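Here are my notes on the model you sent. Please read them beside the coordinates.

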Amino acid sequence: MTNFVYIATSLDGYIADRDGGLDWLHSIPNPEQSDFGWADFIAGIDAIVMGRNTFETVCGFAVPWPYSVPVFVLSHSLNSLPEEYRDRAQLISGSLCDVMTALKQQGFNKLYIDGGKTIQGFMRQDLIDELIVTQIPIVLGAGIPLYGELPTAQRYELVRSEVMLGAMVKNHYRRLR
């Protein structure tokens, strides 16, 4: 099983501003409406594991459901998903090892891990294999950090680096084990 993170951060490592806002993600003009490789990335993923907060944020977007692969919402507090999303996502809980075992038994081998607390939990247990992080040239000063405290350092190798729109830098790293 391979677990991927595909996310954007501010220069100071935040994935949302101090109010949980994401407007800053669109601070760089994108006249050609590039998806910055999103379609290619998601085409190689079997399923998404996201936290409850991320799921609720996505549900609040004024766009159609953005995912074409199964979505598993990791939560220890929800008993069910809202009715309108039950055909789009499934609730999953348990230890991360149990979650991964259950998903592997269902045939999922390439997981996209999304959401601050969820990513941090997977990283704490050394369960992230590849990081694809796009830095947007803004310093937020506070907010929701991508990275949290780890029990030990984790080393990654740079697979590829790309400058996009002459302003953002997308770095793809693979975990060295």
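1. Contact here means heavy atoms within 4.5 Å. Tryptophan 65 touches Phe55, Val58, Cys59, Val71, Tyr85, Arg88 and Ala89, leaving aside residues up to four places away in sequence. Tryptophan 65 sits in the loop between H2 and S4. Helices (H or I, at least four residues) and strands (E, at least two) are DSSP runs, numbered from the N terminus.

2. Ground rules. This is a predicted model: local features need pLDDT of at least 70, side-chain atom pairs count only at pLDDT 80 or more, and totals for chains, interfaces and linings use all residues. Residues are numbered from 1 along each chain as its sequence is written, and side-chain values use heavy atoms, with hydrogens and water left out.

3. Helix H2. Which residues of H2 are buried? They are Thr54, Phe55, Val58 and Cys59. Seen down the helix axis, these buried residues fall within an arc of 140°, so they line one face of H2. The arc is taken from the directions from the helix axis to the C-beta atoms. Buried means under 20% relative accessible area, exposed over 50%, and partly exposed in between (1.4 Å probe, protein chains only). The buried residues of H2 pack against S3, S4, S5, S6 and H4.

4. The criterion is a side-chain nitrogen of Lys or Arg within 4 Å of a carboxyl oxygen of Asp or Glu. By this rule there are 7 salt bridges. One of them joins glutamate 56 to arginine 52, with the closest N and O atoms 3.1 Å apart. Both residues lie in H2 (residues 52-59), 4 residues apart, about one turn of the helix. Glutamate 56 is partly exposed at 40% relative accessibility. Arginine 52 is also partly exposed, at 27%.

5. The aspartate 126 pairs. Side chains of opposite charge can pair when their charged atoms come close. Aspartate 126 and arginine 175 form a salt bridge at 2.9 Å, N to O. Aspartate 126 lies in the loop between H4 (116-124) and S7 (130-136), and arginine 175 in S10 (residues 168-175), so the pair ties together parts that are 49 residues apart in sequence. Aspartate 126 is partly exposed at 28% relative accessibility, while arginine 175 is buried at 14%.

6. Arginine 177 is exposed, at 61% relative accessibility. Salt bridges with shared partners join Asp126, Asp129, Arg175 and Arg177 into one network.

7. Helix H3. In H3 (residues 96-105), Leu96, Val99, Met100 and Leu103 are buried. They cover an arc of only 95° around the axis, which puts them on the same side of H3. The face turned away from that buried side carries the exposed residues Asp98 and Gln105. The buried residues of H3 pack against S1, S3, S4, S5, S6 and H4. Glycine 107 follows H3, with a positive phi near 95°.

8. The largest pocket. A pocket is an open set of points on a 1 Å grid over the protein atoms alone, where a 1.4 Å probe fits, with protein on both sides within 12 Å along at least five of seven lines; lining residues have an atom within 4 Å of a point. Grid points are joined across faces, edges and corners, and a volume is the space filled by probe spheres set on the points. The largest pocket has a volume of about 1,700 Å³. Its lining has 50 residues, of which Leu22, Leu25, Phe61, Tyr112 and Asp114 lie nearest the centre. H4 gives the most to this lining, with 6 residues.

9. The second largest pocket. Its volume is about 250 Å³. The lining has 15 residues, with Tyr6, Phe41, Ile132, Arg160 and His172 nearest the centre. S1, H1 (38-43), S9 (156-164) and S10 each supply at least two residues of this lining.
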